[in-house]
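Subject: Structure handover

Hello,

Here is the structure I promised to pass on. Please open it first, then read my notes below.

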Amino acid sequence: MHDILPADMPAWNQLEDAYRALAESYGYRQIRTPIVEKTALFARSIGEVTDIVEKEMYSFEDRNGDSLSLRPENTASVVRAGMQAGLLHDQQQRLWYCGPMFRHERPQKGRYRQFHQLGAETFGIAGADIEAELILLAARFWQRLGLDAIELQINSLGSSRCRHQFRTVLVEYFRDHYQALDEDSQRRLETNPLRILDSKNVEMQSMIEAAPTLQDSLDQESRDHFSELTDILDQASVSYQVNRRLVRGLDYYCHTVFEWVTDTLGAQGTVCGGGRYDGLVEQLGGKPNYAAGFSMGCERLIAMLHDQGKADKESGCDVYLLMRGDNSVARAQQIAESIRDQMPGLELVVHAGGGSFKSQMRKADKSGARIALILGESEIEAGTVAVKFLRDDRAQAEISQSDVVTQLASLLD
Ligand code: ATP
Ligand code: MG
């Protein structure tokens, strides 16, 4: 789990501000749910027999003896909240979220125990059109951020009936290759065989490559759904790769699944994953409902912003106001407040803590300010403020206190 320090913040704000503006521009509304939920919520949604629920959740008993967990992802919470607030039944919803998630994974580059996701969830919309919209939104996000080298992979898992059929075929195949399965996969063979396809175990990869694909089990309706999606993407000139091996880690997907991946981040190359998850609402006790969404990993996107030289950096303040002599402090604060009244966007730091003129100037320089304003007893008497240009080769100037805002604005222009 990492601290996000002041120097890191510009890139975080850049990412979050861009996402907020974009999601709102597509008509998505923000939702915030608690960090902590009942453990049962995740066991019922993500699935008991998953890495997340079996090994990765931070779970604990509270003082009442209830089992609670830090959320490992946000979809289940959004569904729970939507159900409780009556947002889901018989209506369409477009929602977005942003916040920390927790998984007890082995920490490595791009994989942390507290990490952050930006996401979107939609409810009540059955068609491939909404899946396409989610993909277009993500594509526009990369474009707004100026990020290259993110590729789209899509697949269809088909209806739940297709999935069921495929499961039978798959179990047969894996039974024939039982010895090649690792311990987790052997255990999952009966409970959750699709998950085996998602295994990251390198030794199993060639056996997984050779496994039957879902494609042959897809019925006509599932094929039509998928080609409606690819038609929209084609017409929008969004390029994609159909990856028949893509199943996504979570249990509740059907029909379309997609991932945005990059080869610039090493092993942790997925920056966004999503798809359709009809069935989850009902699984969590609601009326059957259509649902589709995605979530993206902030840390991985920020790493890409840095790698590609697109990350915002700390800019320092605009103006640093310092004083000559202790008697100037109150007047300096007063002038600063009147500047702030009229220039709310200006970053103005007023020196605090006293010290020699020389040490105040050093702090002014370190602050990144372009201009130092200096107020001493002689300036107070004359009704002026001295101006020193910290970045430009310009002679020191004087401006009048009564007109400080106008003159400062023109100096900063
Ligand atoms: P991965 O295959 O990388 O483990 P996942 O399938 O577990 O990802 P999701 O649950 O779909 O991931 O989460 C969506 C996104 O959140 C991922 O694509 C990734 O960018 C990010 N993410 C997931 N787990 C972590 C983590 N431990 N640290 C940082 N980012 C993560
Ligand atoms: Mg994972």
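Which atom of ligand 1 does a backbone N or O atom of Thr-270 lie 2.8 Å from? It is an oxygen atom of the ligand.

Some ground rules. This is a predicted model, in which local features need pLDDT of at least 70 and side-chain atom pairs count only at pLDDT 80 or more, while totals for chains, interfaces and linings use all residues. Residues are numbered from 1 along each chain as its sequence is written, chains are lettered from A and ligands numbered from 1 in the order in which they are written, and side-chain values use heavy atoms, with hydrogens and water left out.

The ligand site

Ligand 1 is surrounded by 15 residues (near means that a heavy atom of the residue lies within 4 Å). The closest are Arg-103, Glu-105, Arg-111, Arg-248 and Thr-270. By class, the shell has 6 charged, 5 polar and 4 nonpolar residues. Here Asp, Glu, Lys and Arg count as charged; Ala, Val, Leu, Ile, Met, Phe, Trp, Tyr, Cys and Pro count as nonpolar; the others, Gly among them, are polar.

A polar backbone atom of Tyr-112 is 2.9 Å from a nitrogen atom of ligand 1. A polar backbone atom of Gly-297 is 3.3 Å from an oxygen atom of the ligand. On its own, ligand 1 has 580 Å² of accessible area (Shrake-Rupley method, 1.4 Å probe), and the protein covers 92% of that.

Which elements give two or more residues to the shell? They are strand 6 (114-123), strand 10 (270-276) and strand 11 (291-297). Strand 10 gives the most, with 3 residues. Helices (H or I, at least four residues) and strands (E, at least two) are DSSP runs, numbered from the N terminus.

The whole chain

The protein chain has 16 helices and 16 strands. Its radius of gyration, taken over C-alpha atoms, is 28 Å. The C-alpha trace spans about 90 × 55 × 45 Å along its principal axes.

Among contacts (heavy atoms within 4.5 Å) with a separation of 6 or more, 71% join residues 24 or more positions apart. The accessible surface comes to about 20,200 Å², and 46% of it belongs to carbon and sulfur atoms.

Helix 4

Helix 4 (residues 75-84) is mostly covered, with 8 of its 10 residues buried. Among them are Thr-75, Val-78, Val-79 and Arg-80. Their cover includes strand 2 (36-38), helix 2 (39-45), strand 5 (93-102), strand 6 and helix 11 (280-283). Just after helix 4, Gly-86 takes a positive phi of about 70 degrees.

Two loop residues

Asp-90 lies in the loop between helix 4 and strand 5. Its phi is positive, near 65 degrees, in a residue other than glycine. Is Asp-90 buried or exposed? Asp-90 counts as exposed, at 73% relative accessibility.

Ala-149 also has a positive phi, about 65 degrees, although it is not a glycine. Ala-149 sits in the loop between helix 5 (128-145) and strand 7 (151-156). Ala-149 is partly exposed, with a relative accessible area of 37%.

Best wishes

Note on methods: Polar contact = N/O pair within 3.5 Å; in protein donor to acceptor, adjacent residues only side chain to side chain. Rg over C-alpha atoms; globule rule 2.2 N^0.38 Å. Buried < 20%, exposed > 50% of the residue type's maximum accessible area, 1.4 Å probe, protein only.
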